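Please walk through this structure by way of its contacts, from charges and rings to the ligand and the DNA strands.

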Amino acid sequence: MRVEATLSLNDAQRRAVEHRGGALLVVAGAGSGKTRVLAARVARLLADGVRPEAVLAFTFTNRAAREMRERIERSVGEAARRLWVGTFHATAVRILRREAAAAGIPPAFAIYDREDQEGLLREIVKRLELPEAAFRLGPLIARIADSKNALVTPDQAARAAVSPYEKQVAECYRLYQRQLRENGALDFDDLIAELVRLLLGDPGVAKRYAARFEHVLVDEYQDTNHAQFRLVERLSRVHGNLFVVGDDDQSIYGWRGADLANVLEFETAFPGAEVIRLEQNYRSTRLILEAANAVIAHNRGRRAKTLWSEREEGPRLRFVLAADEVDEARRITAFLDERRRRGGRLDECAVLYRTNAQSRALEIELRARSTPYEIVGGVSFYQRREVKDLLAYLRLVANPRDGAAFWRVWNTPRRGLGPAVRGLVEARMERDGAPVEALRALEAGGTLTRVARAGAGAFLEILDDLGRHRDAPPDRLLLRLLERSEYFKTLESDGAAADDDRRANIEELIAAGARVAAAGGGLLEFLAESSLTTDADRLAEGADRVLLLTAHNAKGLEFPAVVIAGLEEGLFPHANAFEDPARMEEERRLFYVALTRAADEVLLTAAAYRRRFDGARGGRVSRFVEEIPSTLLDAEELVTARAAEGEAAHWGGDGLRRAGSGARSASRAPAPTRADPHHRAVGREVFHESFGRGVVVAAEGEGGAAKFTVRFGGSVRKVLGRFLTGGDDGH
DNA sequence: TGGTGCTCAATTTTT
DNA sequence: TTGAGCACCA
Ligand SMILES: Nc1ncnc2c1ncn2[C@@H]1O[C@H](COP(=O)(O)OP(=O)(O)OP(=O)(O)O)[C@@H](O)[C@H]1O
């Protein structure tokens with residue numbers, strides 16, 4: 001069996017792959033082949049006769065898991081299908097379903113997503129009469145998640161709480177856990193935490209799994225949190241065969257509890273562990289790598305590492321400062337077009353950004369230019385209303401105690417059930433527990449009005465009918481549901497286009513159900529998949545389109561051409577990181593991740609002005625751009641052709657005569673209405689008393705009121721025309 | 001009960 | 001600017 005036949009390896013890589021066993025940490029920079037080594041290691045183990053079901057590998061995304069499995073399958077054949085390869089969450093679900101009894105949870109437990117969590121906590125905050133302004137759901141959920149990721153129980157949180165605020169958060173946490181339990185549900189973080197608790201608390205189960213798995217492997221180890229560390233530690237303690245790969249410079253999920261100590265203190269946690277470093281990058285051209293190395297070197301808290309490439313030098317990284325986000329989108333589209341004319345394909349390109357909201361401007365422009373694109377992230381498929389509605393019915397079939405699912409659809413489509421009946425059901429739930437049973441009792445009794453009774457009857461009938469077919473393939477279940485619930489009727493209210501969209505989504509959901517069935521899965525597998533699958537996991541190969549995604553979502557991917565957009569102070573790095581050096585370093589690592597996705601070509605863009613939901617804002621060019629040595633940058637100035645036009649030396653000529661308004665140098669001008677990137681002034685060199693020489697990137701208005709967006713060196717400011725002189729004649 | 005329209009918050013990142 | 005929650009009225 002020749003692993004090397006499918007995956008060639010350098011010496012260091014081979015040493016890792018052929019490691020004798022025990023604990024091994026492979027730390028290495030971007031593109032050094034860590035993922036490849038992990039896959040080769042698994043293939044090697046199988047070739048050496050290790051049973052596939054005794055190999056447990058954790059990946060960061062479901063997609064990575066699928067690719068890993070496929071890769072290994074290519075080298076060792078279909079035994080690869082029996083491997084345990086998956087994300088921490090998917091693997092935890094798999095084990096918890098089997099060990100539900102020991103874990104003290106229902107085997108068909110529901111998995112609560114963000115929306116479900118918010119629903120529970122909204123009720124709790126209301127019930128405790130906490131001030132909503134101070135107890136926003138987002139931070140509250142984040143705090144609870146932090147506790148869970150650190151394996152802190154509600155009791156421990158309450159004991160550790162000092163301030164009244166912390167005490168109340170702990171109380172919310174306690175009630176929230178109780179609610180989850182009553183609903184027979186776990187949230188994402190519980191999946192890991194409950195599994196760890198089970199392994200720590202039940203020696204029998206712990207022993208069984210320690211014996212079942214002989215090798216544990218972890219990809220993207222730098223982004224594991226404490227609970228995940230404990231899980232890995234528990235599962236590998238007996239045999240000690242732990243193989244992890246990671247890069248401390250690519251840790252970008254600190255806000256989710258990722259703990260770099262897992263990497264930095266690996267040798268302490270696993271005495272006798274070996275560390276192997278990989279130093280050759282196979283992905284990027286030398287200039288790209290040099291730029292990435294230069295930027296990341298600005299981080300203080302890191303172990304310096306070597307990373308070199310044998311590849312050609314490659315072209316310099318291009319930088320474009322656009323006037324605003326619309327202009328930026330245009331420049332990016334133009335870049336993609338130009339690349340296509342050179343023979344490049346769209347699917348070799350990705351546009352990376354810091355926040356999902358940035359995709360909108362890009363989307364509009366790409367659509368206008370008929371450039372095929374695909375957005376990854378944002379509102380994902382399984383979060384769409386119609387999809388969640390239908391899934392809620394299936395969730396109720398699996399687990400009648402699932403209150404979030406129940407309240408979501410008990411009156412969808414409309415059945416005349418509202419707050420009045422809800423009160424009755426809730427009262428009744430004290431006795432019957434499950435909302436479905438409470439409703440059933442009410443329907444049987446005489447308390448409901450005629451309308452409500454009919455509605456309740458219709459709803460229960462659908463659930464009962466589905467319940468009788470719970471073992472049918474998920475797609476059949478969905479079809480049955482659509483037929484009985486007349487769900488399509490609720491769709492007809494909206495516009496035709498949105499309607500078609502919804503129908504298409506429903507079709508796709510049915511197809512997803514059929515796929516699960518084809519793979520031998522049933523209702524529970526389908527529901528788990530719908531909870532754990534993200535947009536990035538659903539990416540299909542083959543279509544020639546440019547990918548639009550956040551830098552976070554791009555982790556682990558690689559593209560011949562990468563565009564990084566929105567490189568402005570406040571956006572990337574995000575303003576929320578300004579006061580905290582540690583968070584700023586994480587922003588920098590994020591930029592490093594983004595940059596190192598590129599193999600051949602990089603375009604960096606920023607917008608001098610960016611419209612936000614609450615107005616517009618100008619930002620300086622990102623410090624990260626400035627941390628790239630200028631010799632590596634091809635910083636193109638805007639539309640220089642326009643500078644050729646003759647123009648008066650003074651801008652907005654009559655401004656001085658129109659005295660009155662106080663002299664404001666207006667770096668923070670009032671929200672501009674429309675900065676026109678095609679204004680005839682754009683591209684002109686100008687001179688400002690205090691800011692010096694600059695280039696106009698946008699302008700709006702005429703005469704004395706004219707305002708110009710000007711780039712002075714690295715910073716971009718908005719200034720009134722009357723403070724500017726043409727740059728050509730000195731001042 | 002259900003529909004309309006108002007107000008307010010949200011945009012940092014996600015398994 | 002959009003979406004969601006909520007108050008108010010038919
Ligand atoms: N020994 C090798 N010979 C040729 N190509 C290699 C070798 N090792 C890795 N590569 C290639 O280098 C690229 C990066 O590999 P891989 O994705 O495994 O790196 P990584 O360290 O996991 O990257 P990152 O951490 O940046 O996500 C891939 O295209 C891979 O095929």
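A charge is said to sit over a ring if NZ of Lys or CZ of Arg is within 6 Å of the ring centre and within 35 degrees of the ring normal. The model is a predicted one, and K555 in it lies over the face of F60, at 3.8 Å from the ring centre. A second case involves an arginine: R422 has its charged end over the ring of W407, 4.0 Å from the centre of that ring. W407 also belongs to an aromatic cluster, which it forms together with Y393, F406, W410 and F459.

The description of an aromatic pair rests on the distance of the centres and the angle of the planes. Rings are taken as a pair if their centres lie within 6.5 Å, and planes over 60 degrees apart count as edge-to-face. The count of aromatic pairs by this rule is 18. In the pair of F572 and F624, the ring centres are 6.0 Å apart and the planes stand at 85°, so the arrangement is edge-to-face. F572 is in the loop between β15 (559–564) and α27 (581–595), while F624 is in helix α28 (residues 623–626), so this pair ties together parts that lie 52 residues apart in sequence. F572 and F624 are both buried.

The ligand comes next. What surrounds the ligand, and which residues are closest? Its shell holds 18 residues, and the closest are Q13, K34, T35, R36 and R283. Sorted by class, this shell consists of 3 nonpolar, 10 polar and 5 charged residues. Helix α2 (residues 34–47) gives the most to the shell, with 3 residues. Q13 places a polar side-chain atom 2.8 Å from a nitrogen atom of the ligand. In R283, an N or O atom of the side chain is 2.8 Å from an oxygen atom of the ligand. At G33 the backbone takes part, with a polar atom 3.0 Å from an oxygen atom of the ligand. On its own the ligand has 630 Å² of accessible area, and the protein covers 84% of this.

Among the atoms of DNA strand B within 4 Å of the protein, sugar or phosphate accounts for 58%, and the rest belong to bases. N356 has a backbone N or O atom 2.8 Å from a phosphate oxygen of DNA strand B.

DNA strand C remains. Around DNA strand C are the residues R122, K126, R360 and F613. Of the atoms of DNA strand C that come within 4 Å of the protein, 33% are accounted for by sugar and phosphate. By class, the surface near DNA strand C has 1 nonpolar residue, no polar residues and 3 charged residues.

Key. Residues numbered from 1 in each chain as written. Chains lettered and ligands numbered in written order. Predicted model: local features only at pLDDT ≥ 70, side-chain atom pairs only at ≥ 80, totals over all residues. Heavy atoms only, no water. Near = heavy atom within 4 Å. Nonpolar A, V, L, I, M, F, W, Y, C, P; charged D, E, K, R; others polar. Phe/Tyr/Trp six-rings, centres within 6.5 Å; stacked < 30°, edge-to-face > 60°. Helix = DSSP H or I, 4+ residues; strand = E, 2+ residues; numbered from the N terminus. Buried < 20%, exposed > 50% of the residue type's maximum accessible area, 1.4 Å probe, protein only. Polar contact = N/O pair within 3.5 Å; in protein donor to acceptor, adjacent residues only side chain to side chain. Areas by Shrake-Rupley, 256 points an atom, 1.4 Å probe, with all protein chains shown as cover.
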